[in-house]
Structure formats: C-alpha cells, structure tokens
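User: I have a structure open here and would like to talk it through with you. Could we start with the whole chain and then go to a single residue?

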Amino acid sequence: MSEVVNLFYLRPDEGNMLSPHKEEFLMPADEFIARYVSHPVLAELLAYMNPLYAGVAGHTPAFIHALINVLYINGSSMFVDGSQQMADALADVITSAGGRICSGDPVTRISVEDRLVRRVDTQSGKVYEGDWYISDLHPCTLLELLPENVFLRSYRNRLQEIPNSYSSFSVYIKFKEGARQPYVNHPRYYQERHGDIWRLYEYGEESFPREFMYLTPPADHQGENAERMTVNCPMPFSAVAQWAGTTLGHRTSEYKTWKDRMLRRVLDKLERLHPGIGADIDFCFASSPLTIRDYYGTKEGALYGYVRDCKNMMLSQISIATKVRNLLLTGQNISLHGICGVPLTAIETAEGIVGRGNIIRKINEENDR
C-alpha cells in the first residue's frame, strides 16, 4: 500500500499538489473520481481499467482503483512468448530446493482430526501427508473438500454469502502466417456507449459484447505484426447458470451452440473495429465462465475472487489462518488479486509458517532506493 498513498492529485480549491487523505482510498472508487472530475465522460475515461479489477459503483474501494492504475503508470509489462515462463521459473525454484510438483490430479478429500489436517486424497487414489497445508483454492471450493464440522456454520455461511466478481467470455485468436495485423504494445478497450464502465457485470445476449479488452501478446522475433490476439469480455456467471451442472468435456449441445454464437458476436465486433481481421484468422477458440470455474476451481468463474466492498470491508477480508491449525490460505480471494496482491498474500502466508520477518517492508525499502 505504500505506493498507493504516495499518489498525488490537485485539489480543486488549492494550487499545490497534496497527498490524498488515507480515508479517501476507502470510499467508492467512482465517488472518489467524481469528487475531483465533474465531466462524466472524462470521469469514465479515468476508470477505463475497470476490467482489470471488476469495479462496481458504490462498492469498490478507491484504493483498488489506485493500486491498479499506479502499477500501470509505473510501467506495465507483458511476457514475450507467454506468462508460462513465470510458472516454469517458480517451478524451478521449488524443484531446485528439493520440492516436488504433482499436477493434473485433483484433490477429492481433506481429512481433519483434532483440528489438524492429517491427509489429502486425490482423484487417482494417491495420499499426501505433511506438516503444513496451504490452499489457494477459492474458499468455497475448499469447503467442499473438508468435513462439514471442521468450521462453524457461521463461518461457512459467511464464505458462501460474499459476492464474487464477474467472470469473462474470452477469445483466443491465432493469425495466419503473413497476416498484416499490427502488434500493439498495450491493451486496448472497446466500449459501445458512455455510462457503462461501472456496469460491466450486466449481460444481455442480444447486445453482447458491449465492451471488452483486447491485446496482442508479444512473441519473439515477430516483427511489426502480431501473431496472436486475446479478447476478454466481462460476463456474469448468470449467463451460463443453466449449464452449471456440466463439467469440462461434458457440456450439452445447447451450450456449445450458445458458445459458438457468442464467439461469432465477438468476432463481428472485432471486424467492425478492424475491417478484414476475420480473413487473417487462422483459428480461434473461446472460453466461458464455466471454463474458468472448472479450470481454476473458482466459484462462479470469478476473475478476481471475492468482491471488495468499501461499505463492508470486513465481509471480504479473509485471514490466512484457519481454525485448522496446520491449514493456511493464500491466493486472490484472501486479500487482493493480481500480480501485486497475490504475491503479497503469498509472503504473508509464508510468514505464517516461518515467522514474521517484515519481508514486505524490506521489499518496499529496496524498491525506494
């Protein structure tokens, strides 16, 4: 948070640059912007990165808006040839330290006795035992794996009742070799009308998509033209709720027809923005909130976990510690989402095991040098 409170703005009634009051970062982001910008279109423009934090008018704290923006002001980054490199680098850290990574085998049950996790069973029949257990699952997904009596009903109900952020209908596009679609080194945003930036969670099939973010990921030796494009369209889980009982690889024909129809709508909007882009597409495929839910194990396919509500901050604040003494939580649902929030939570979780070392303060001090 130290970077956020170092932001500056010009008060309308004073001629010098002043640091904002900390309490202002706890007010709704839309009200924070409106306090200093009266023109509705300009105010909306300042909130254009809403798709990166799923902001809701009257609820999303201003500090989340400020944090996302300051990270981009200081310089956003994209991985050449994909972010899998970061996952591979983190995996190398684990394996080089003697650790082992076991993937592709979902956990089916977590056994608890005397407020301690005793074992974890997986789909293939394997059993894992250890001194500590860390879960980055959505808390509601975790509850499904634990005995019902592990947590008080009030705690379980609270986790179930916290609203989730909206999900996304995403499209991946691979361009033909030699296609003349320019590489653009930043995300682009499409919005059909003013007044919708704080209502991206609303959905209507006939008008979908009214807004989306799209970008051309960089590739090594690509030159001035892009090889790929990804498009992320905000979509609530309610759009696919009728197929909530299906799983990956076992969707209904009605769902597949709907998904193809939504994909076509996205491609049609892209064609309006960039005439001829359709002819340059080699192949493309789409994912829906159901895909995100099943692939990441997150409730309702929420892009950014739980909704943070400045009018009830305690509701969505989840402790890393649990009543199960050797079970800790981490991930985007616990504190903040994204490349900033998740690592900060991971540090806090690690300190819950090895002891407090003021690591975050040391990182900030090093960054300020």
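User: How much of the protein is buried?
Analyst: Bearing in mind that this is a predicted model, buried residues account for 43% of the 369 residues in the protein.

User: And how many helices and strands are there?
Analyst: The protein contains 10 helices and 12 strands. With a radius of gyration of 22 Å, close to the 21 Å that the globule rule gives for 369 residues, the protein is therefore as compact as a globular protein of that length. Along the principal axes, its C-alpha atoms fill a box of roughly 60 × 60 × 40 Å.

User: What share of the contacts joins residues 24 or more positions apart?
Analyst: Among contacts in the protein with a separation of 6 or more, 67% are between residues 24 or more positions apart.

User: Switching to the surface, what is the accessible area, and how many charged side chains are there?
Analyst: The accessible surface comes to about 20,500 Å², and carbon and sulfur atoms hold 53% of that surface. As for charge, there are 38 positive and 45 negative side chains, with the centres of the two sets 4 Å apart.

User: Now threonine 349, where is that, and is it buried or exposed?
Analyst: Threonine 349 sits in helix α9, which covers residues 338-354. Threonine 349 counts as buried because its relative accessibility is 2%, and the cut-off for buried is under 20%.

User: Which residues does it touch, leaving aside neighbours within four places in sequence?
Analyst: With those neighbours left aside, threonine 349 is in contact with Ile134, Ile320, Leu328, Leu329 and Thr330.

Notes:
Residues are numbered from 1 along each chain as its sequence is written. This is a predicted model: local features need pLDDT of at least 70, side-chain atom pairs count only at pLDDT 80 or more; totals for chains, interfaces and linings use all residues. Side-chain values use heavy atoms; hydrogens and water are left out. Helices (H or I, at least four residues) and strands (E, at least two) are DSSP runs, numbered from the N terminus. Buried means under 20% relative accessible area, exposed over 50%, partly exposed in between (1.4 Å probe, protein chains only). Contact means heavy atoms within 4.5 Å. The radius of gyration is taken over C-alpha atoms; the globule rule is 2.2 Å times the number of residues to the power 0.38. Accessible areas come from the Shrake-Rupley method with a 1.4 Å probe; for residues, only the protein chains shown count as cover. Lys and Arg count as positive and Asp and Glu as negative; His and the chain ends are not counted. The place of a charge is taken as NZ of Lys, CZ of Arg, CG of Asp or CD of Glu.
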